[in-house]
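Welcome! Take a moment to look over the chain shown here, and then let us walk through its main features together.

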Amino acid sequence: MERHWRDVSIPLQPGMTVWPGDPEFTFEPFSRMADGASCNMSRMTLGTHTGTHCDAPWHFLEPGKTLDQLDPSVYFGRALVIEVKGTDHVRGADLPVEPLPDRVLFKTPNSDLPVDGKFDPAFVALAEDAAERLVKDGVRLVGIDYLSIAPKGNSGPVHRILLGAGIFVVEGLRLAGIAPGLYEFTVLPLPVVGADGAPCRAFLHA
């Protein structure tokens, strides 16, 4: 039977939401056949944490591993989608009693926010006790549906808990319409050497 993969990535386009102070995404002509060039080619600029993206340990740890130093086996495998509603933080008490699997993705009301709207500083983020639970259970990858897994204004502690334990962080997933449960998950970061993170393409299928 043919597998149906669901793209859970944010499309890269001008005007998309970015973290305050980060580079805006731009996409512009470099050469166009309509102007007599031999081919169409474009130029784009973006930050390493634009749209759906990943965090390497070096993003918050000095020293820390860069993206090209990580084990890519974490990019492929079963992931548990956990839906959390009616809260400003994902807390330890919101997590299942059962041990967590290698990969956990959090679906929150963030997934209903527009990907080209004004940055929302009140997005749902992970609390420190939830991050500590992920570490305790040996989770290898965690994802969330906004541009940071940690709250604005206090992003360091949660990032350092996760990245310091070697947990691969994926941010900016789009999980609207995805029911809670287990899925096959694939996330493909751009292979940027020496990077603190990189944009990703991410997919789920049941």
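## Helix H1 and its buried side

Ala130, Ala131, Arg133 and Leu134 are the buried residues in H1. Because these residues cover an arc of only 155° around the axis, they lie on the same side of H1. Here, buried means under 20% relative accessible area, exposed means over 50%, and partly exposed is in between (1.4 Å probe, protein chains only). The arc is that of the directions from the helix axis to the C-beta atoms. An α-helix has 3.6 residues a turn, so residues three or four places apart point the same way.

What do the buried residues of H1 pack against? Their partners are E6, E7, E8, E9 and H2, where a contact means heavy atoms within 4.5 Å. Just after H1 comes Gly138, with a positive phi of about 75°.

## About the model

This is a predicted model, in which local features need pLDDT of at least 70 and side-chain atom pairs count only at pLDDT 80 or more, while totals for chains, interfaces and linings use all residues. Residues are numbered from 1 along each chain as its sequence is written, and side-chain values use heavy atoms, with hydrogens and water left out.

## The chain as a whole

The chain holds two helices and twelve strands. Helices (H or I, at least four residues) and strands (E, at least two) are DSSP runs, numbered from the N terminus. Starting at the N terminus, the order of elements is β-β-β-β-β-β-β-β-α-β-α-β-β-β.

A compact globule of 206 residues would have a radius of gyration near 17 Å, and the chain agrees because its own value is 17 Å. That radius is taken over C-alpha atoms, and the globule rule is 2.2 Å times the number of residues to the power 0.38. The C-alpha trace spans about 65 × 45 × 35 Å along its principal axes. Of the 206 residues, 46% count as buried. Among contacts between residues at least 6 apart in sequence, 72% join residues at least 24 apart.

## Helix H2

Now turn to helix H2, which covers residues 156-164. Its buried residues are Gly156, Val158, His159, Leu162 and Leu163. They share the same side of H2, because they cover an arc of only 165° around the axis.

After H2 comes Gly166, whose phi is positive, near 80°.

Arg91 sits in the loop between strand E6 (89-90) and strand E7 (103-107). Its relative accessibility is 34%, so Arg91 counts as partly exposed. Leaving aside residues up to four places away in sequence, Arg91 touches Ala127, Asp129 and Ala130. From C-alpha to C-alpha, Arg91 and Leu126 are 6.5 Å apart, although 35 residues separate them in sequence.

Pro63 belongs to the loop between E4 and strand E5 (76-83). The peptide bond that joins Glu62 and Pro63 is cis, with omega about 0°. Most peptide bonds are trans.

Is Pro191 buried or exposed? With 77% relative accessibility, Pro191 counts as exposed. Its place is in the loop between strand E11 (181-189) and strand E12 (197-205). The C-alpha atoms of Pro191 and Leu67 are separated by 7.5 Å, with the two residues 124 apart along the chain.
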